[in-house]
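Here is a friendly tour of one protein model, written for someone who likes to know the cut-offs behind each term. Have the sequence and the coordinates open as you read.

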Amino acid sequence: MQAVDADERGLSRRDLDENPFRQFDGWLREAGKSVSVDEVPMTLSTVSADGQPSQRVVLLKQFDESGFVFYTNLESRKAAEIAGNPKVSLHFAWPVLNRQVSVEGRAEKLSVEEAARYFMSRPRNSRLAAWASRQSRPVSSRQLLEQQFRQIQEKFAEGEIPLPPFWGGFRVVPDCMEFWQSRRYRLHDRFRYRLDARNQGWNIERLSP
């Protein structure tokens, strides 16, 4: 599908909802008309203890006014970096619509009950894979990884597959969200929502491109 000509759409202050979550929901629904958003990819950025940033694409599994939810191995690099520094950023890109959304905030660990509820909804082989993989750890070969998976298949050949103790989720609670719309000559439209901690409202400002 061809991208929408950036000249054909813009973004003005009057276009924006006062609530950034409703604004995000509107853009996400519009993206769903052009691309599959059954599992919405987003780039998650974290920072290590020595200041080294890292990025990876994770799947958005839920969002509401409490934040953006994703799940992962709690022994992974991303989880270890979040434990040391919960300040993270998310990035959504919809090139077909010439739009991007950036989110800054804090990652908060979900309860075991929330993680278990989602884990049990996953396909069986995905649950088995979660047990088989020591995410972010070195593995000597693909063959060893597949052997570990077969061993887990045998271990849980009958009955339910329980939530691994090393698996869970995070909710990114934002304090800043930016909406970006491409425009001609790179004079893009950018609006930033910042949370006013005094009254929990959102301040909206236009940014230079």
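## Charged pairs

Arginine 29 is exposed, with a relative accessible area of 59%. For accessibility, buried means under 20% relative accessible area, exposed over 50%, and partly exposed in between, using a 1.4 Å probe and protein chains only. This is a predicted model, in which local features need pLDDT of at least 70 and side-chain atom pairs count only at pLDDT 80 or more, while totals for chains, interfaces and linings use all residues. Residues are numbered from 1 along each chain as its sequence is written, and side-chain values use heavy atoms, with hydrogens and water left out.

Arginine 29 forms a salt bridge with aspartate 25, with 2.8 Å between the closest N and O atoms; the term stands for a side-chain nitrogen of Lys or Arg within 4 Å of a carboxyl oxygen of Asp or Glu. Both residues sit in helix α1 (residues 20-32), 4 residues apart, so about one helical turn separates arginine 29 and aspartate 25. Helices (H or I, at least four residues) and strands (E, at least two) are DSSP runs, numbered from the N terminus. Aspartate 25 is partly exposed at 26%. How many salt bridges are there by this rule? The count comes to 13.

Another of these joins the side chains of arginine 22 and aspartate 17, at 3.0 Å from N to O. Arginine 22 is partly exposed at 46% relative accessibility, and aspartate 17 is partly exposed at 25%. Arginine 192 and glutamate 205 also meet in a salt bridge, at 2.6 Å from N to O. That pair links distant parts of the chain, with arginine 192 in strand β8 (residues 189-196) and glutamate 205 in strand β9 (residues 201-207), 13 residues apart. Glutamate 205 is partly exposed, with a relative accessible area of 32%. Salt bridges that share partners also join Arg183, Asp189 and Arg206 into one network.

## Aromatic rings

The structure holds 18 aromatic pairs. Rings of Phe, Tyr and Trp (its six-membered ring) pair if their centres lie within 6.5 Å; planes under 30 degrees apart count as stacked, over 60 as edge-to-face and the rest as tilted. Phenylalanine 24 and phenylalanine 68 make an edge-to-face pair, 5.2 Å centre to centre with 90° between the planes. Phenylalanine 24 belongs to helix α1 and phenylalanine 68 to strand β4, 44 residues apart, and the pair links distant parts of the chain. Phenylalanine 24 is buried at 0% relative accessibility, and phenylalanine 68 is buried at 0%.

Which geometry do the rings of tyrosine 71 and tyrosine 118 have? Their centres are 4.2 Å apart and their planes lie at 15°, so the pair is stacked. Here tyrosine 71 in strand β4 is linked with tyrosine 118 in helix α3 (residues 112-119), 47 residues apart. Tyrosine 71 is buried at 15%, and tyrosine 118 is buried at 19%. Elsewhere, Phe21, Phe24, Phe63, Phe68, Phe92, Trp94 and Trp202 form one aromatic cluster.

## Strand pairing

Two strands pair if DSSP finds at least two bridges between them. Strand β1 (residues 40-47) runs antiparallel to β2 over 8 bridges, with methionine 42 partnered by valine 58 in β2. The two strands form a hairpin with 5 residues between them, and glycine 51 in the turn has a positive phi of about 90°. β1 is also joined to strand β5 (residues 87-94) by 3 antiparallel bridges, where threonine 43 has histidine 91 as its partner.

Strand β7 (residues 167-181) pairs with β8 in the antiparallel sense over 6 bridges, and methionine 177 stands opposite tyrosine 193 in β8. β8 in turn pairs antiparallel with β9 over 7 bridges, with leucine 195 opposite tryptophan 202 in β9.

## The largest pocket

The largest pocket contains about 410 Å³ of space. Of the 21 residues that line the largest pocket, Tyr71, Thr72, Arg122, Gln135 and Trp167 are the closest to its centre. On a 1 Å grid over the protein atoms alone, a pocket is an open set of points where a 1.4 Å probe fits, with protein on both sides within 12 Å along at least five of seven lines; lining residues have an atom within 4 Å of a point. Grid points are joined across faces, edges and corners, and the volume is the space filled by probe spheres set on the points.

β2 (53-60), β4 (67-73) and α4 (124-132) each supply at least two residues of the lining.
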